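Visitor: Could you walk me through one part of this model in close detail? I'd like the strand pairing and the aromatic rings around it, cut-offs included.

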Amino acid sequence: QVQFVESGGGLVQPGGSLRLSCTASGSISSITTMAWFRQAPGKEREVVAIITVGDTPIYVDAVKGRFTISRDNAKNTLYLEMNALKREDTAVYYCNKGPPRVPWGQGTQVTVSS
């Protein structure tokens, strides 16, 4: 079973950018769908971006036009480029596959604050 480790989070000002990475424990070449999720304090985890082989990436409306999901199979890594960050983007960001998903990792904290 593949595991994912998220990294790249941090503290940024509104309007800033971050690039999150999700590195898998093994090859992701055979994983058709991967996605980024986030969970803000007091809220449930939500999907923010999905990338599926053969399909155009999809994004939740709140991040559309600002975030870009991509993958590098050679590096077994999923990325989330986050631009024009807003305070509302503050959350712990997670990645996963599927469905079916695997157990959640620790995520990476993104804090957008001035």
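Guide: Let's start with how strands get paired: two strands count as a pair if DSSP finds at least two bridges between them. The strands themselves are DSSP runs of E, at least two residues long, numbered from the N terminus, while helices are runs of H or I of at least four. With that in hand, β9 and β10 are joined by three bridges and run antiparallel, and across that pairing Tyr93 faces Thr108 in β10. β9 also pairs with β4, again antiparallel, through six bridges; there, Ala35 stands opposite Asn96 in β9.

Some bookkeeping: this is a predicted model, so local features need pLDDT of at least 70 and side-chain atom pairs count only at pLDDT 80 or more, though totals for chains, interfaces and linings use all residues. Residues are numbered from 1 along each chain as its sequence is written, and side-chain values use heavy atoms, with hydrogens and water left out.

Back to β9. Seven of its seven residues are buried, so β9 is largely enclosed by the rest of the structure. (Buried means under 20% relative accessible area, exposed over 50%, and partly exposed in between, with a 1.4 Å probe and protein chains only.)

Now the rings. Phe, Tyr and Trp rings, the last by its six-membered ring, pair when their centres lie within 6.5 Å; planes under 30 degrees apart are stacked, over 60 edge-to-face, and the rest tilted. Searching the whole structure turns up two aromatic pairs. In one, the ring centres of Phe37 and Trp104 are 4.8 Å apart with planes at 85 degrees, so that pair is edge-to-face. Phe37 belongs to strand β4 and Trp104 to the loop between β9 and β10, 67 residues apart, so to speak a link between distant parts of the chain. Phe37 is buried at 6% relative accessibility, whereas Trp104 is partly exposed at 29%.

The other pair is Tyr94 with Trp104, also edge-to-face, at 5.9 Å centre to centre and 70 degrees between the planes. Tyr94 sits in strand β9 and Trp104 in the loop between β9 and β10, so this pair ties together parts ten residues apart in sequence. At 11% relative accessibility, Tyr94 is buried. Taken together, ring pairs link Phe37, Tyr94 and Trp104 into a cluster.

Finally, there's a charge involved. It sits over a ring if NZ of Lys or CZ of Arg is within 6 Å of the ring centre and within 35 degrees of the ring normal. Arg45 lies over the face of Trp104, 3.8 Å from the ring centre, and the charged end of Arg45 also sits over the ring of Tyr94, 4.4 Å from its centre.
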